[in-house]
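Here are a few notes to read with the structure open beside you. Take the points one at a time and find each residue as you go.

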Amino acid sequence: MKKIFLILLTFFITSVRAELRISIDGAKSDPTPIAIADFSSQNSDLSRLIPQIVQADLERSHLFRVIDQEAHIQQMDQLNTTPRFADWQAIGAHALIHGEITEGLDGKIHVSFRVWDVYAQQQLDAKTLSTAPESWRKIAHIIADTIYERLTGEKGYFDTKIAFISEKGNADKRERRLAIMDQDGANLRYLTDGKSMAMTPRFAPNMKEIVYMSYQGGKPQLYLMDSKTMNTRTLGTFEGMSFAPRFSPDSKNLVYSMSKRGNSDIYLYHLETGKRTQLTTHSAIDTSPSFSPDGKRIVFNSDRSGRQQLYVMNSDGSNVQRISFGEGSYATPVWSPRGDYIAFTKIKNGTFYIGLMRPDGSGERLIADGWLVEGPTWSPNGRMIAFWRQTPMDKRGKGQTAKLYMIDITGYHESELQTSGDASDPEWSPLMH
Amino acid sequence: MQRKALLLSLGLHTLVISLMFMDFHFTKEYTKAPPAILMVDLTKVKIASETNLPQKSISKKQSPKVEPKKEEPKPAPKADKPKPEVKPPEPKPEPKPAPAPKDAVAVQPPKEEKKKEPTKPAPTPKPKKPDYNLKSLLASVEKVRQDAPAPQSQQPTTEEALDNGTEGRMDKILTISHRDFIASKLRDCWNIDGGAQNIDEIVVEVKVWVNKDGSIRDAKVVNHMNFPAFRPLSESARRAVFICAQKGDESPFKILSEHYADHYNDWKELHLNFNPMNANVF
C-alpha cells in the first residue's frame, strides 16, 4: 500500500508543470523618472524652495529625472492624500515624493514627506524632520539623501561640504584662501584671511578638524583647524617641509609627506601623542599617501621605478607593491570611501587625466581630461569625484582659469561646480548627518 | 484495517486531484493552427550558436577599453595645448618638495607665473553626451571621445526583435524568437542604476502571474541577496514587469496570449531572471 501511495505521490509531483523561465540579460540605465509635488505649507516660499533643492540635488546625481510639475495630473494637497497611482503612471513617474511643512510652537519647522513606488502602489519611506527655519536647505539636502538612499540602496552625498582653495588676483600676487561651501555651492565661507597661502585642505572623517598646508612663517607646514572654534594650530615644526596630508579613517592619525635634504618620504603622525613614524625609507620621492577605508593599507605615488607610479603598502609601511604599469606618470591617488576604486591624476603625452583603477591596479579608466586636471576627491558614497581643471585663456597657454568640476564614476556625467571666482584643490566632506 | 482504508482513500484522492492538473495532449486535436513559421533566408543571415542576442543597439557597442588608446585626436582641448614655452607642469603629487623654499612663490607651480589675464571667462568644457548603454558603462574618456555616442536604444518593433532570433531552434513551448522578443522588451522596460555597487553579482528572480489576456495578475520577487543595491534593483525589476504590461500591443506578455492561448497553463506563471550585467558588459 505504501508503494502505491509513493507511486501516486511521485506521479502527482511530476504532473505539476514547470513554470516558463526567461532570462533578461542587461538593462538600460536611464535616469529614473520621478515626480516631486510641492510640499503643502502655509509658508509658500518653503513649500516651493525645499522641493526645488531636493530636485536639484537628485538631478545633479544624474540618476534621476524629475518630471515637470506642469505635467502632474493629481494635486497632492495634503500629506495624507493617497496618490491616484494611475495618474502618476500616466506621466511616466516611477516614484512620487510629496510632503508637508508645519511650523511648531517651538519655532521650528517640521517637514514630513512620503516616497511612493507608483507601480508597486506602496509607500517606500516616510519621515518627519525638524529644524530651525534658517536650516531649511540642510533639511532639503537630508530629504534628497533619504530619497537617494531608498531608491538606490546607497547612502546619499547631498548634506555634505566641499572645502577648496579660493583663488584671486594676478599670478604674481595670487591670493589663496581656504574656503568651504555646501556641495551645491551655497553657504560659502572663508576660513583663512588670505595673508598666507593655503593649500590641500583635508577633512578629518569625524569632521572635527581640517588639516591643510600653509606658508605661514614662510615655510610650508601643516596646520590643523578646529571646525567649530576655527582655532588653528601647527602640527609641529619639523626640520623638513611637510605636505600632502590626509587623515586615517579613525581620524586619529595623519599620513603625510616630509621632504628632508631633497628626499621625500611618507610619515605617520599620531595626533594625540605627537608620535611620528617613518613609513617609507626609499631614496626616491614618495608622496601623496591615502588610506584605504579600512585603514589597513595606504596608496601613494613614488618615482622609484624612474617615473611616478602608484604603489600600495600596509599601513605600517611593509609589503610595498606597485599597482600602476600604464604609460605616462601617475600622481595624487585617493582611495574611494567604498573601497572599490583608487582615483588618480595621470599625465600622458602632454595631457592631464583624472582616472580610476581597482586597488590591485586592474581596470584603469580615464574619465576626465584637460590642459591641467588635478586633485580628485571622492563623495562620501564613492559615486562622484570632484576635481579642478585649469584652462588656458589663449592658445599660448597664458592666463589660466581654475574651476571645480564633478564627475560620476561612470565617466559620463560631468558638470561644473559654480564658485564666485577661481577655485582649486577641492576636498569633499563626509556626510554631515 | 482502518489504516489501510485511510491510505487507500488518501491514494485515490491524490490520484483524482493529480488528474485534474493533467493535460492529456494525446487526446486533443488541435484546431488552431500552430504559430506561423518564419521564413528566413539563411544566405542573408549570420547564424550564431545562441540567439539570445542583446538588442541591436547594444550589440554594436564595444566593451570599454581598459587602457586608453595611443594618441587619439582630441577635439577642442588639442588646440589649446600648451606651447613648448608654457608646458604644463608634470603632475605634481601635491606641492613640489623644493629643497629650500624661500617663500611662497618659490614652490608655486610654474603655471602661476604665466597668468596675466585671469578675468577673462574660461570656456566651459563641452559636456559629454550621456550614454546610458550598459555595454559602454564605465568607459574610458579617450574611448568616449573617439566613439560617436550610440543612439538611445529604441523599443524594437516585433519584426526587429524577431530578426534577432533567427536560429530557428524551437523550444517545447515557446519559440526562441518569441523568447528573445519577450526578453528584449523586458530589458527595455528595466531601468537600473548602472553604477550600483556589486551590480555584476546581482540576479533578481521575479515570479509573474499572467492572465489569459496577457495582463499581469501579480509579480513577486522570489530571491534575496545581501547587497544594498539588491532592494532597489529587485523593485525596479518588478516595476519593469508592470511597465511592460502597460505597453498595449507592444507588451511582451501579449505575444503569449496571441500565439500560445492553447498553452495558457504553460505560461500563466513565469519565472523571470533579471541579470543586469550578464550581457558581457565588462
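1. Let's begin with contacts in chain B. Among those between residues at least 6 apart in sequence, 71% join residues at least 24 apart. Keep in mind as you look around that this is a predicted model.

2. What is chain B built from? Its secondary structure comes to nine helices and three strands. If you walk along from the N terminus, the order is α-α-α-α-α-α-β-β-α-α-α-β.

3. The chain has 282 residues, and 42% of them count as buried. As for the surface, chain B exposes about 16,100 Å², with carbon and sulfur atoms supplying 57% of that area.

4. Which helix gives the most to the lining of the largest cavity? That would be α7(B), with five residues.

5. On to the aromatic rings. Over all chains, the count comes to 13 aromatic pairs. One of these is A:Tyr256 with A:Tyr267, a stacked pair with 6.1 Å from centre to centre and 25° between the planes. Planes under 30 degrees apart count as stacked, which is why this pair gets that label.

6. Where do those two tyrosines sit in chain A? A:Tyr256 lies in strand β16 (residues 253–260) and A:Tyr267 in strand β17 (residues 263–270), so their pairing ties together parts that are 11 residues apart in sequence. Are they buried or exposed? A:Tyr256 has 0% relative accessibility, so it counts as buried. A:Tyr267 counts as buried too, at 5% relative accessibility.

7. Rings can also join up in a cluster. Here, ring pairs link A:Phe64, A:Tyr148, A:Tyr157, A:Phe158 and A:Trp428.

8. Finally, have a look at two arginines in chain A. A:Arg177 lies over the face of A:Tyr190, at 4.1 Å from the ring centre. A:Arg389 lies over the face of A:Tyr405, and there the distance to the ring centre is 4.6 Å.

Notes
Residues numbered from 1 in each chain as written. Chains lettered and ligands numbered in written order. Predicted model: local features only at pLDDT ≥ 70, side-chain atom pairs only at ≥ 80, totals over all residues. Heavy atoms only, no water. Phe/Tyr/Trp six-rings, centres within 6.5 Å; stacked < 30°, edge-to-face > 60°. Helix = DSSP H or I, 4+ residues; strand = E, 2+ residues; numbered from the N terminus. Buried < 20%, exposed > 50% of the residue type's maximum accessible area, 1.4 Å probe, protein only. Lys NZ or Arg CZ within 6 Å of the ring centre and 35° of its normal. Contact = heavy atoms within 4.5 Å. Areas by Shrake-Rupley, 256 points an atom, 1.4 Å probe, with all protein chains shown as cover.
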